[in-house]
Amino acid sequence: MKKVIEVEKLTKRYGNVTAVNGISFDVFHGEIFSLVGPNGAGKTTTVEILECLRKPTSGTAKVFGFDVVREERKIKRRIGVMPQEFNTFDRLTVRENVELVAKIYGVKAGLKQTLESLGLWGLRDKKYEALSGGMKRRVGIAMALVSKPELLFLDEPTTGLDPQARRELWETIKSLKKMGVTIFLTTHYMEEVEALSDRASIIVKGRLLSTGTVDELVSKYGGEMKIVVKGDKRAREILKKFTKNVSVDESGSFVGTFQSREVVARALLPLYRSSKKYKINVVEPSMEDVFLRVAGGKIDERGELIS
Ligand code: ATP
């Protein structure tokens, strides 16, 4: 597969703060790649080095095979960028904002097509300040797409949006991938990683802890599967036949922990066959479990790491 980004032992120091510490990873053509980590992990620093906005202290980063320090101009005309906490001119309309960037780039705005693909055509004459949070981010994406980039950087594109707006933006991001754009995304939402990424890297305190597809990461680090049964002693006995590890959760349900899907499948049969009609839930490991395992903590809604 063609590599669009190649990062090798990349380090960035600000005085005595090491923001990025010897990280290496590749991004392939046409994929959605997520850099996932809590606030202050080094995500923005990494993205801004790849966008040729900051210089590495050591190591190398290449985009389209060009070095981010020596071949900046060759990279910049082929990328699109939506920065963290994106904002633009409040008093200009959607159309005026997009046309302004087109003028700066000296390109045609391709206004109708871009705005239609982002669900913004109907809002083109609205002032930016009158838009919802989700629509404002779409304007950010529209502005980033004006230069017809092959690679789009989205730095925490859904932070601060409500769950519905976040989901809607995921659909937009997926549609960009279908158009053939390679997407480099940073996020602290595990659900977002699961919904969007072909591959992801976990970054904490400047270090990359693991890289892979979501399935690879989950099967390597996600840990066990669980069956949760709301039921009587008999339900617990059934679970105990298949696993030694049975506990009771805060709601009084029995929780059986299993190493393999096969055993889960075998345990489910007698549970479902029971005349008692137990309420049964199968809990698969997720990126949340992966993060917990490799980073030793959880990320809260605001992006802070809680150990
Ligand atoms: P956030 O989502 O909070 O932006 P992040 O993962 O993007 O987090 P960075 O912004 O890359 O992380 O910051 C990594 C570390 O580098 C942090 O400790 C931050 O305080 C520090 N840092 C970032 N930019 C600078 C700078 N210009 N000067 C000094 N320190 C900086």
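## Sheets and ligand site

An open sheet is built from four strands in the order β12-β13-β11-β14, with antiparallel pairing. Strands β12 (246–248) and β14 (279–283) lie at its edges, and each of them pairs on one side only. From one strand to the next, the twist averages 20°. The model described here is a predicted one.

Within this sheet, strand β11 (residues 225–230) runs antiparallel to β14, and five bridges join the two. One of the positions along this pairing is K226, whose bridge partner in β14 is V283.

Two helices pack on the sheet. Helix α9 (residues 233–242) touches β11, β12 and β13 (254–258), and the direction of helix α9 makes about 10° with that of β13. Helix α10 (residues 261–273) touches β11, β13 and β14, and the direction of helix α10 makes about 15° with that of β11.

Another open sheet of four strands has the order β2-β1-β4-β5, and its pairing is antiparallel. Its edge strands are β2 (17–28) and β5, each with pairing on one side only.

| Strands | Bridges | Bridge pair |
|---|---|---|
| β1 and β2 | nine bridges | R13 and T18 |
| β4 and β5 | two bridges | K62 and D67 |

Where do the hairpins occur? One hairpin is formed by β1 and β2, with two residues between the strands, and there G15 takes a positive phi near 55°. β4 and β5 form a hairpin as well, again with two residues between them; F64 in that turn has a positive phi of about 55°.

As a general point on strands, side chains in a regular strand alternate between the two faces of the sheet.

The model also holds a ligand. How many residues surround the ligand, and which are the closest? The ligand is surrounded by 13 residues, and the closest are G40, G42, K43, T44 and T45. By class, this shell has four nonpolar, six polar and three charged residues. Helix α1 (residues 43–50) gives the largest share of the shell, three residues.

Which atoms of the protein lie by the polar atoms of the ligand? In the side chain of T44, an N or O atom is 2.7 Å from an oxygen atom of the ligand. For A41, a backbone N or O atom lies 3.0 Å from an oxygen atom of the ligand. R54 has a polar side-chain atom 3.3 Å from a nitrogen atom of the ligand. On its own the ligand has 630 Å² of accessible area, and the protein covers 61% of that area.

To recap, the sheet with the order β12-β13-β11-β14 is open and antiparallel, and helices α9 and α10 pack on it. The sheet with the order β2-β1-β4-β5 is likewise open, with antiparallel pairing. At the ligand, the shell includes T44 among the closest residues, and the side chain of T44 has an N or O atom 2.7 Å from a ligand oxygen atom.

How values were computed
Residues numbered from 1 in each chain as written. Predicted model: local features only at pLDDT ≥ 70, side-chain atom pairs only at ≥ 80, totals over all residues. Heavy atoms only, no water. Near = heavy atom within 4 Å. Polar contact = N/O pair within 3.5 Å; in protein donor to acceptor, adjacent residues only side chain to side chain. Areas by Shrake-Rupley, 256 points an atom, 1.4 Å probe, with all protein chains shown as cover. Nonpolar A, V, L, I, M, F, W, Y, C, P; charged D, E, K, R; others polar. Pairing = 2+ DSSP bridges. Axes fitted to C-alpha atoms, helices over the stretch in contact; angles between N-to-C directions. Contact = heavy atoms within 4.5 Å.
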